[in-house]
Amino acid sequence: MQLSPLIISLQVACVATIITFFCGIAAARLVLKIKKGQNILDVLFTLPLVLPPTVMGFFLLLVFGTNNPLGQLLATFGIKVVFSLSGAIIAAATVSFPLMYRTARGAFEQLDINIIYAARTLGTSEQWIFWKLIVPLSWPGIIAGTILAFTRALGEFGATIMLAGNIPGKTQTMSVAIYTAVQAGNRQLAYQWVAIICIISLITILLMNYWSNYQKRRQQREVKL
Amino acid sequence: MSLQVEITKKLGNFTLDIAFSATDEILAILGASGCGKSMTLKCIAGIEKPDKGRIVLNDRVLFDSAAHINLTPQQRQAGYLFQNYALFPNLTVDANIGVGVKAPAAAKRQIVNEKIKEFYLEGQENKFPHQLSGGQQQRVALARMLAQQPQLIMLDEPFSALDNHLQWQTEQQIRRILDRFSGTVLFVSHNRDEVYRLCDRAAVLDHGHIDFISDKHSFFDSPRTAASAQLTGCQNISSATKIDAHTVMATDWQLSLTTKAIVPDDIAYIGYRSHYLYPATSIGDNVYPLRIKRIIEDSFSMIILLANPDNNSDDAPTIRWKVDKNIWQDDYHQQQIVNIGFDPGKIMLLSK
């Protein structure tokens, strides 16, 4: 059994989660900050969640294909997105992005707005308010969003196969490897990959629950003091 | 040092349209909940943007719709004490107080230490807000607001979140602070007693309009509108029509009353405070037989609901009579007719 799909999957999921983490938070902040066009942006940002992954993959192909300006521009710098590891990362990041954006936005909206108002009347900068108040106070929500995004990125299939293809040792992730194994009639291999994905996902969710329980207990303890 | 405010802002079902100015004084804004009190403060603080108007603080234009000036809350230097204190839950007491201090580290340390001492917060510096009592939380919020050296102080219902026994303590605390502060203080409340004790002048905000501003004594003794009378705690208000220069007809109660003051032509209501009614031995001028609808025991007084005996229905307009328990004699019962007098000098003549 080749271990490369596991390594590629973890690489893709980790890098994609880092991208999603920052983009999702920035998008949530942007949507809450602007006064007009909130709905349009929200629809745009949520679209990857509701569209079939193959459709997302098709759009990404259109954008990054070498027939298009962006694809050509990247090609002049020697960056090739289609059928490459970066393509797999972009596909995973796009598809997991709405999960991060939505959870972060939900967490921001739940904050007591008076806290932010108070900070403004005290003369603090918007930067300070965001990094020292909003982000720390929304931390549980942000973490939950990150974990959801990570598991989504880890299991990404449709958009990945459209944009990055199925090149063993290069772009073949675990999900794609399962598909290939089943196609080739190699049940044994498919079972192995399915087991590995299930274990990783289970551990992630268990860690998330453990962490949120720990947070709750800590809060209760602090209240008692 | 002064504040001039002249703003309009459309809110859900009414328009906030207010104009007032204040000097170095404590000006109370009294109003029922939902009348636009907090919105007014938020417009002055820069948290909300008025549709039109002008706000000037100590010769500094904070907002001017005509000149397209709209300073951010950060630039306005207006201290705002929120109803729920809005402390930063992730910061310690020490850090909370230091947030608004714009000074080099050493000077900042000194200012924060001063405030911690001044507000009896020693030993609490490293605690988080949720570890403090309600009273302590409010002291932190006050210390935080004053540490930024604001040019204006706005207090939004500062006592409403506290227990009764704490309210008095905190009120004394706030009084000490306000005594030392040289600048305008706006104090929003729906509690007339607080306002009477703490403020110099009072304004009444009703449905987005400032009814009038007056010094607190004339405000409480002779409110001019039904809304103001209600806010000063007058519980007996009846619509009224003028009969002659010294007689009005209280149409809700169906009683004609003689007044000491001259009845204005635009009279719409009369008001009569419940503790000024008195029992009389015989019917005479301003003394009427009234039916006791109900007797209610309050903490320190008895409240007797009276109605005109001609109206026997259950929803007959009531007149509230308040009697101190010390002088209460337990010889009244329901449906009994008693002779009740109205003092001509205590009848408040109110316009719309």
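Colleague: How far apart do the C-alpha centres of domain 1 and domain 2 of chain B lie?
Modeller: First, this is a predicted model, where local features need pLDDT of at least 70 and side-chain atom pairs 80 or more, while totals for chains, interfaces and linings use all residues. Residues are numbered from 1 along each chain as its sequence is written, with chains lettered from A and ligands numbered from 1 in the order written. Chain B is divided into domain 1 (3-223) and domain 2 (234-350), the bounds coming from an automatic or database domain assignment. Their C-alpha centres are separated by 39 Å.

Colleague: What percentage of the residues in chain B is buried?
Modeller: Chain B has nine helices and 21 strands (DSSP runs numbered from the N terminus: H or I of at least four residues, E of at least two). Its C-alpha atoms fill a box of roughly 75 × 50 × 35 Å along the principal axes. Buried means 20 or more other C-beta atoms within 10 Å, exposed 12 or fewer, partly exposed in between, with C-beta atoms placed from the backbone. Of the 352 residues in chain B, the buried part is 38%.

Colleague: Where chain A touches chain B, which helix of chain A gives the most residues?
Modeller: The contact (C-beta atoms, placed from the backbone, within 7 Å) takes 17 residues from chain A and 21 residues from chain B. On the side of chain A, helix H6 (113-121), helix H7 (126-137) and helix H11 (187-224) each supply at least two residues. With seven residues, the one that gives the most is H6(A).

Colleague: And how do the residues on that side of chain A divide into nonpolar, polar and charged?
Modeller: Asp, Glu, Lys and Arg count as charged, Ala, Val, Leu, Ile, Met, Phe, Trp, Tyr, Cys and Pro as nonpolar, and the others, Gly among them, as polar. On the side of chain A that touches chain B, that gives ten nonpolar, four polar and three charged.

Colleague: Are H5(A) and H8(A) roughly parallel or antiparallel?
Modeller: The axes of H5(A) and helix H8 (residues 139-155) of chain A come within 8 Å and cross at roughly 165°. Here axes are lines fitted to C-alpha atoms over the stretch in contact, and angles run from 0 to 180 degrees between N-to-C directions. Under 35 degrees is roughly parallel, over 145 roughly antiparallel, 65 to 115 roughly perpendicular, the rest oblique. H5(A) and H8(A) are therefore roughly antiparallel.

Colleague: Is A:Val176 buried or exposed?
Modeller: A:Val176 sits in helix H10 of chain A, and beyond its neighbours within four places in sequence it is in contact with A:Phe157, A:Thr160, A:Ile161 and A:Asn166. The buried residues of H10(A) are A:Met174, A:Ser175, A:Val176, A:Ala177 and A:Ile178. Because A:Val176 has 24 other C-beta atoms within 10 Å, it counts as buried.

Colleague: What phi does A:Phe83 take?
Modeller: A:Phe83 lies in the loop between helix H4 (69-76) and helix H5 (85-109) of chain A. With 14 other C-beta atoms within 10 Å, A:Phe83 is partly exposed. Although A:Phe83 is not a glycine, its phi is positive, at about 55°.

Colleague: Which phi goes with B:Asn58?
Modeller: Look in the loop between strand S4 (52-57) and strand S5 (60-64) of chain B for B:Asn58. This residue has 13 C-beta neighbours inside 10 Å, so B:Asn58 counts as partly exposed. B:Asn58 is not a glycine either, yet has a positive phi of about 45°.

Key
Contact = placed C-beta atoms within 7 Å.
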